[in-house]
Amino acid sequence: MRKNSREAIVEAALFLFNTKGYSGTSIRDIASKAGVNPANIAYHFQCKKGLLEHCFTAYFEPYIAELEKGYSLLDEGAGLCLKQMVENVLRYQCQNTQLTRLILREMSIDSQMVREVMSTYHVKERYYFKKVLERGMNTGEFRKHSVSFAILQLKSLLATPFLNIHYVSEVLHIQPHEKYFADKYSREIFQWIDGALCGSPALPERRIVSI
């Protein structure tokens, strides 16, 4: 079935933003790639910034919904809940590789749009991760750990394959958009959860004394 002009515009924008960068892409570039008149972009999104804002919303609304699905299992155990959240998010990211790549890269830029995203979607994300980690620590399922650093590590694990897509695909020969990746990488993150959060505390490091 032929895509409508709105879908074609979004698809073209994702491709061009990822290959030429947001600043290096013009409305005419997007229109040409999508096979539409530039006026169609103005009709649907007003301007290039409006198109980028649409991409942010299109990414984060389902992302938060996937987190919430996993979070609903919290009463069945913090570990199970966190693993379900990870699996849900990872599958979503793998099914939307180009969108995920764009959004994660744009989130590294200090802009008004990014600050607005952090004050809404990222605050919700932190809330869910924080509640799960604190529940696990309070019940003894997770060992005592810095919640902020645990969230930082978890987010790094989830984002790295998509932020470094060329390294992952061309050097490691791993394809994040293929189904096997979500299955395999989910298990790898589960091992991190079991070892870093559920495992025994590491022994203190011995200080090296110069002689």
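These legends describe close-up views of a predicted model. Local features need pLDDT of at least 70 and side-chain atom pairs pLDDT 80 or more, while totals for chains, interfaces and linings use all residues. Residues are numbered from 1 along each chain as its sequence is written, and side-chain values use heavy atoms, without hydrogens or water.

**View 1. Helices α7 and α8 pack against each other.** Helix α7 spans residues 112-139 and helix α8 residues 147-163; helices are DSSP runs (H or I, at least four residues), numbered from the N terminus. Their angle is about 120°, with axes 10 Å apart. Axes are lines fitted to C-alpha atoms over the stretch in contact, and angles run from 0 to 180 degrees between N-to-C directions. Among the α7 residues that meet α8 are His122, Phe129 and Met137; on the α8 side, Ile151 and Leu154 take part. Contact means heavy atoms within 4.5 Å.

**View 2. Phenylalanine 60 and tyrosine 63 form an aromatic pair.** Their ring centres are 6.1 Å apart and their planes at 80°, so the pair is edge-to-face. Rings of Phe, Tyr and Trp (its six-membered ring) pair with centres within 6.5 Å; planes under 30 degrees apart are stacked, over 60 edge-to-face, the rest tilted. Both residues lie in helix α4 (residues 48-71), three residues apart, or about one helical turn.

Conventions. Helix = DSSP H or I, 4+ residues; strand = E, 2+ residues; numbered from the N terminus.
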